Amino acid sequence: MRSRMLKQFSRAAVVGAALVAAIALGACRDTGKDTEGKLFEISGKIFVFNYRLARATYVVTLRPLQPMGDGQVAVASFQDPAGGAPLVVEQKVWPKLDKVSLESPALTCVVKNKPYAIAISIKGSDGTILQKIDTTLMSTEDQSVLPDRPLVIDQLYTANPDLVGHPDGKLPGEQKPDCSKAI
């Protein structure tokens, strides 16, 4: 009798523990309200300072939140640190890839700790805007860390002959970009 009662108690304890676990897991479930209706979210953004090529660029990565449609396009408008019109990049969205990467053209006049605006539009195959994403990006470095000219000149990483005797890439008297219109 005692073993039968112990068996029933054990069974009840296991069922009770399973119910508590199911309720706890159900309470932790993501309801999706934060991402409801959104197609993409920003999964990464960074300034890339490529020392070898003496150039800086914005790079923004988007993560799809829903299956992507054929013919979608991501259009990014990057604030030009040198002033002037925004730098616009258009990237086809490939439905089978798990991310979309948007990279700006080479930049000049990037200033440390200054926020720069980025506006991204996701367009459908018919050109209608499906989603807009606005963000900012701040650099942790100033563009002055880059050499005056690329350290290498081709895919074989051949040393730039213009920099002979200047391993840091800094040339005395080298003309600097005009940053007077910088925002």
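Start by selecting C109 in this predicted model: C109 is buried, with a relative accessible area of 6%. C179 is partly exposed, its relative accessible area being 32%. Show both side chains and you will see that they form a disulfide, with the sulfur atoms 1.9 Å apart. The structure holds 1 disulfide, and this link of C109 and C179 is left-handed, with -90° about the S-S bond. The pair ties together distant parts of the chain, 70 residues apart: C109 sits in the loop between β5 and β6 (115-123), while C179 belongs to the segment after β7 (129-138).

Next, select residues 55-64, which make up strand β2. This strand is mostly covered, as 8 of its 10 residues are buried.

Select residues 100-103 to see strand β5, which pairs with β2 in the antiparallel sense over 4 bridges.

For the last stop, select T108, Q143, P147, K176 and P177. Among the 21 residues lining the largest pocket, these lie nearest its centre. The space in this pocket is about 370 Å³. Colour the lining by class and you will find 11 nonpolar, 4 polar and 6 charged residues.

Conventions:
Residues are numbered from 1 along each chain as its sequence is written. This is a predicted model: local features need pLDDT of at least 70, side-chain atom pairs count only at pLDDT 80 or more; totals for chains, interfaces and linings use all residues. Side-chain values use heavy atoms; hydrogens and water are left out. Buried means under 20% relative accessible area, exposed over 50%, partly exposed in between (1.4 Å probe, protein chains only). Helices (H or I, at least four residues) and strands (E, at least two) are DSSP runs, numbered from the N terminus. Two strands pair if DSSP finds at least two bridges between them. On a 1 Å grid over the protein atoms alone, a cavity is a set of points where a 1.4 Å probe fits but cannot get out, and a pocket is an open set with protein on both sides within 12 Å along at least five of seven lines; lining residues have an atom within 4 Å of a point. Grid points are joined across faces, edges and corners, and a volume is the space filled by probe spheres set on the points. Ala, Val, Leu, Ile, Met, Phe, Trp, Tyr, Cys and Pro count as nonpolar, Asp, Glu, Lys and Arg as charged, and the others, Gly among them, as polar. A disulfide is a pair of cysteine sulfur atoms within 2.5 Å.
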